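Below is a short report on one protein chain and the ligand beside it. Look over the sequence and the model before reading on.

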Amino acid sequence: PTTIYLKDYTPFGYVVDSVHLTFDLEPHSTRVTSRIAFAPNTETTDRSFFLHGEQLKLISAKIDGIAISPTVTEQGLSCDVPNAPFTWETVVEIDPANNTALEGLYMSNGMYCTQCEAEGFRKITFYPDRPDVMAVFTVRINGPHPVLLSNGNPVDAGPHWAEWHDPWPKPAYLFALVAGELLAHSSTFTTVSGKHVDLNLYVRPGDEGKCAFGMEALKKSMIWDEQVYGREYDLDVFNIVAVDDFNMGAMENKGLNVFNSSCVLASPETSTDDNFERIEAIIAHEYFHNWTGNRITCRDWFQLCLKEGLTVFRDSQFTSDLRSAPVKRIRDVIDLRGRQFAEDNGPLSHPVRPESFQEINNFYTATVYEKGAEVIGMLKRLVGDAAYCEAVDLYFARHDGQACTIEDWLKVFEDTTGRDLTQFKRWYSQAGTPRVNVTEDWTDGTYTLTFTQSTPATPGQPHKDPRVIPIAVGLLGSNGDEVRKTEMLELTEASQSFSFDGLSSRPTPSILREFSAPVILERDSTNAERAFLLAHDTDPFNRWEAGNALAKDARLNMIIKGAAPDADYLDALQKLVRDDDLDPGFRALVLQPPSASDLAQTLFENEHAPDPQAIYDASETMAQTLAQTLADSLPRLYAATTVEGPYQPDAVGASNRMLNFRMLALLSRLDGGDQAAQQFASADNMTLQYAALVCLLSIDKGAEQNQAFFYQWKDDRLVMDKWFAAQVAFATPEKTAAIAATLTQHPLFDMKNPNRFRAVMGALAMNHAGFHHISGDAYSLLADWLIKLDPLNPQTTARMCSAFQTWKRYDADRQALIKIQLDRIAATPDLSRDTTEMITRIRE
Ligand code: B3K
Ligand code: ZN
């Protein structure tokens, strides 16, 4: 496979003035007629003419009306063209019904839909399929379906046809088409300047009762973007379509967002609080792309974080504004440490802006998205809120309608603030998570913090230079008062000290408040200090972080030293649980056990090969001890967090239910699951029903409820995904692989549906002790299914290979078992480019 390099970028020799597409829809032989106005690109002298095209049957090609015979390969087509404006016309035939890769035009339950990002448009017609070629599209669809949709505004329609025109020039990856028997849940929105917009959420018949929440989330997003970023919507319609077979969450096609149905459909009976929050965030994310991604797009795919990092940052600001900001921040950091740190500290480590790739779909990663968002957050902390707004305004004013780079993005900050961001740019070019070590000194009334930064080598990057790291620090006095408000220290050197004068006594530092930079902070601390911070820190994130450090240390001591559950930790939690002034969601997060993979990563960093079974055993013992220690408080707090009245997916209710779930989980350790069984039986919403099922499965009970759940929900695909996943995710280690294997034989298991495949195989990989069970059964089961799925759906297969990315953390036996599977996958004949690249990188 060929490797593509950022440094090799050159513009295309031609610009596209307009594109006219006609689709004659047929399941196995859809005809796509294109008429494209090309003109020489004055920015380059290179006039070679190559159009991408894959899996297309060329029927005819013409230049200015004259038939030609271009050279066609598996990748595309080339031919001689005039060195002057010309009209290009082709007719091609494609087979959507046999498209199981779910890229390009494909069929899902009888409906046609498209997924073009990153390079799927080339499976629809011959085209310069690169984001820096932007054009105005007009699309005509001929087909018998009642709903025929494309980007932009509707022009006209008749029986069995519809025409759409998108006035905003866009790259081909934002093209979309949908056709099918769909129902619309409709509403309207009036923009800040008084423009009327029709909003539609299209779903399959039967799903119309699950649209209301998504529609409200869309309107909230539209208002928020006007108010916070000054961004107004720019078409007469905004359409969203829910699709059951989809490789990822959703896609921001201009005016026609396509969503995985799991990321848009919601109802109290079928969706949990977490589902509601996630749906709200994804709808916002895709909507926000209209400006950060669509109006201003990426020059090339190396710049992916330009749109993704910024849009993730925007959607987390949105969720923080609508819900609890501290809870959102804590959850984001848990997620970052779980997924991005694992990636950044293993064989798949790559910079936020990668410098090479074989298959770009393999770079839609936690690093590009979540670390990309953290980088924007750091930039905002460094320049301040007002300067951030000014720079972003300039970005929109200067680059609207353009395909941009990270350099363009940083330049608006340099121009508005006068700062030199050369060193800051290392966040985009250097892979790996910086370690920041802190020591402190207290001499003659001066308190000094000394920070030392270093980043371990990552693939292809043996040497790392120091980065600019914003470190938010506050100081607390002995009674818990803040003696120094939060200050943003800028660490720029490999090692640097910061002093604080005028203090009457040695303070307790609160460092890296709000998790001000995506680094690993190394600092010697005591249980007493952590308990103090958990009780008093004025920064909610660090308050949680202190509890999290206690929680992790207590478990690590059990694992490494065979210690008993730590009394200080148990005591601190007892105080926390009794503190009714604290937000229930916050308390739930402190009570949430650190994830097994987070513990494994920390063990590995401290030169202990993690033993997944030992991590599991320690966590079980801790849960049992915690339940006994908190026994008196559990029933009271369980009752106090039971939300009365009909279910509402609001933040306050969800926050109470988070703590309610923690209480039930602990209660189940004491009553053998009686309370959970009762809750399961009486639940009138999925949050409570699913929580009860999870509590039961986690103590290896609930067979009866599991079956009842199946009969109640077997006709609801999305709830069935939960059913498949829960049984695997919460299985005990020795049973996990067998349960997953049995479920793959279930009549409702369908490997072609990515949600169902991920429900079983994703849950298998997430069940840490089960996946890494020393039998090796889970490793070989996952490999079997990756090998089966690869010829059908390379994208989903490649993504799931990352389950193996942490393999070098583990002991020699497990490494040997995993190596066998990696070799076996690598040796599979005709393995896709996607999976080949992933396995090669992981094996290195
Ligand atoms: N931009 C899409 C992701 C496309 C993934 C292609 N493999 C969704 C999003 O980030 O909003
Ligand atoms: Zn995105």
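How do the residues of the shell around ligand 1 divide into nonpolar, polar and charged? The shell holds five nonpolar, three polar and four charged residues. Here Ala, Val, Leu, Ile, Met, Phe, Trp, Tyr, Cys and Pro count as nonpolar, Asp, Glu, Lys and Arg as charged, and the others, Gly among them, as polar.

This is a predicted model, in which local features need pLDDT of at least 70 and side-chain atom pairs count only at pLDDT 80 or more, while totals for chains, interfaces and linings use all residues. Residues are numbered from 1 along each chain as its sequence is written, and chains are lettered from A and ligands numbered from 1 in the order in which they are written.

**The ligand shell**

A residue is near a molecule if its C-beta atom, placed from the backbone, lies within 6 Å of it. The residues around ligand 1 are E117, A118, M248, A250, M251, E252, H285, E286, H289, E308, N361 and Y364. Two elements, β20 (250-251) and α2 (273-288), each give two or more residues to this shell. Helices (H or I, at least four residues) and strands (E, at least two) are DSSP runs, numbered from the N terminus.

Y364 sits in the loop between β23 (356-357) and α5 (366-383). Y364 counts as partly exposed because it has 18 C-beta neighbours inside 10 Å; a residue is buried with 20 or more other C-beta atoms within 10 Å of its own, exposed with 12 or fewer, and partly exposed in between, with C-beta atoms placed from the backbone.

**The whole chain**

The chain contains 27 helices and 31 strands. Of its 844 residues, 51% are buried. A compact globule with 844 residues would have a radius of gyration near 28 Å, and the chain agrees with its 27 Å. That radius is taken over C-alpha atoms, and the globule rule is 2.2 Å times the number of residues to the power 0.38. The domain bounds below come from an automatic or database domain assignment.

| Domain | Residues |
|---|---|
| domain 1 | 1-181 |
| domain 2 | 325-429 |
| domain 3 | 435-542 |
| domain 4 | 714-844 |

The C-alpha centres of domain 3 and domain 4 are 40 Å apart.

**Strand β2 and its partners**

Two strands pair if DSSP finds at least two bridges between them. Strand β2 (residues 14-24) runs antiparallel to strand β3 (residues 30-40), joined by 10 bridges. β2 and β3 form a hairpin with five residues between them, and D24 stands opposite R31 in β3. β2 also pairs with strand β12 (residues 135-142) in the parallel sense, over seven bridges. There, H20 has T138 in β12 as its bridge partner.
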